[in-house]
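Try each task before you read on.

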Amino acid sequence: MKPPVNSLIFLRQRIAVLNSEEKERKLASTRKLITFANIAGPVSLIIGGVLLSTAGLICSLIARSRINTMLKEQPQDQVFSQKVMQAAKPGAIALIICTIALVLNVISLALVMPAVLEASQTGNLTTLLGGGAVNTAGTATSTWG
């Protein structure tokens, strides 16, 4: 017994809608990763965070691989491919920004690490603060002390 033609058409349309919704969800998730990477790169430069720039770089790499996968899976869908290509440019920019931020953060960490290690071993924090921010004379200059 064959199923009615109308039910087959309805079933095919429903499957197409579900596939379209899944593609849009995957694209939205990829855009969120790109947004995070675009924010994490510059913020990591401000606070000097190797971990934050690494997280941004990983997110941008995941987004880049998802974009490549989506373009390979759906070459016939022109509208969706155009949406994916629009997300690809900010993704590439995020990848570049996070890579530069990671390199600069690693360099700054390498330059500061010897002073931090020396200060932690000797217990003399004035070397980190430059000596100007620490009152070593013992005289109080405030009202309370």
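A residue counts as buried when its relative accessible area is under 20%. The model used here is predicted.

**Exercise 1. Decide whether Cys59 is buried or exposed, then find out how many disulfides there are.**

Step 1. Cys59 has a relative accessible area of 14%. That is under 20%, so Cys59 is buried.

Step 2. Now take Cys98. Its relative accessibility is 0%, so Cys98 is buried as well.

Step 3. A disulfide needs two cysteine sulfur atoms within 2.5 Å. The count comes to zero disulfides. For Cys59, the nearest cysteine sulfur belongs to Cys98 and lies 8.2 Å away. That distance is too far for a bond.

**Exercise 2. Work out how helix H2 runs relative to helix H3.**

Step 1. Locate the helices. H2 spans residues 50-73 and H3 spans residues 78-122.

Step 2. Take the geometry. Their axes come within 8 Å and cross at roughly 155°. Angles over 145 degrees count as roughly antiparallel, so H2 is roughly antiparallel to H3.

Step 3. H2 passes H3 in a left-handed crossing.

Step 4. Sort the contact residues. The contact of H2 with H3 has 19 nonpolar residues, eight polar and one charged.

Technical notes:
Residues numbered from 1 in each chain as written. Predicted model: local features only at pLDDT ≥ 70, side-chain atom pairs only at ≥ 80, totals over all residues. Heavy atoms only, no water. Axes fitted to C-alpha atoms, helices over the stretch in contact; angles between N-to-C directions. Helix = DSSP H or I, 4+ residues; strand = E, 2+ residues; numbered from the N terminus. Parallel < 35°, antiparallel > 145°, perpendicular 65-115°, else oblique. Left-handed = near helix turned anticlockwise from the far one by under 90°. Nonpolar A, V, L, I, M, F, W, Y, C, P; charged D, E, K, R; others polar. Buried < 20%, exposed > 50% of the residue type's maximum accessible area, 1.4 Å probe, protein only.
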